[in-house]
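Have a look at the picture, then read on.

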Amino acid sequence: MSELTKALTDSTFDEEIGSAEEPVLVDFWAEWCGPCKLIEPVLEEIAEENKGRLRVSKVNVDDNLDIVRRFDVMSIPTLILFKDGEPRVRLVGAKGKAQLLQEIGRHLS
């Protein structure tokens, strides 16, 4: 994880998502997940290129079961885009940068 992505936990999730002025793309991941590691550099690029328009955050599914259950995350990686505190887009599985941007692009300001 870099300075461009922020780790969220069961205790910080609601405050971070609720107070965000820009959309937040949350990556539900785990250390042992191969596809999660594959999309990490893609998410870093998206975070860098969209500073001020989009935040990228991560939730470790092994450590934050309350959030995982609340959003019915059954497989990883799962990406959920939150805007105005509400989930707007859900993507499951490793996707390429172009596909991710196409899916979330209309929610960016």
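What follows goes from the whole chain to the sheet, then to the helices and the cysteines.

**The whole chain**

Keep in mind that this is a predicted model. The protein chain has 4 helices and 5 strands, and reading along the sequence gives you β-α-β-α-β-α-β-β-α. Its C-alpha trace spans about 30 × 30 × 25 Å along the principal axes. Buried residues make up 45% of the 109 residues. If you take the contacts with a separation of 6 or more, 70% of them come from residues 24 or more positions apart. The accessible surface is about 5,900 Å², and carbon and sulfur atoms account for 49% of that.

**The sheet**

In what order do the strands of the open sheet sit? The 5 strands run E1-E3-E2-E4-E5, and the pairing is mixed. Strand E1 (5–8) and strand E5 (86–92) are the edges, each pairing on one side only. On average, neighbouring strands are turned by 25° against each other, direction ignored.

As for the pairing itself, strands of a sheet pair through backbone hydrogen bonds, either parallel or antiparallel. E1 and strand E3 (residues 55–60) run parallel and are joined by 4 bridges.

Helix H4 (residues 97–104) lies across E2, E4 and E5, and runs at about 155° to E5.

**The cysteine pair**

How many disulfides does the structure hold? The count is 1, and it is formed by Cys33 and Cys36, with their sulfur atoms 2.3 Å apart. The link of Cys33 and Cys36 is right-handed, with 80° about the S-S bond.

Are these cysteines buried or exposed? The cut-off for buried is under 20% relative accessible area, so Cys33, at 4%, counts as buried, and so does Cys36, at 3%.

| Residue | Relative accessibility | Class |
|---|---|---|
| Cys33 | 4% | buried |
| Cys36 | 3% | buried |

Definitions and conventions. Residues numbered from 1 in each chain as written. Predicted model: local features only at pLDDT ≥ 70, side-chain atom pairs only at ≥ 80, totals over all residues. Heavy atoms only, no water. Pairing = 2+ DSSP bridges. Helix = DSSP H or I, 4+ residues; strand = E, 2+ residues; numbered from the N terminus. Axes fitted to C-alpha atoms, helices over the stretch in contact; angles between N-to-C directions. Contact = heavy atoms within 4.5 Å. Disulfide = S-S within 2.5 Å. Buried < 20%, exposed > 50% of the residue type's maximum accessible area, 1.4 Å probe, protein only. Areas by Shrake-Rupley, 256 points an atom, 1.4 Å probe, with all protein chains shown as cover.
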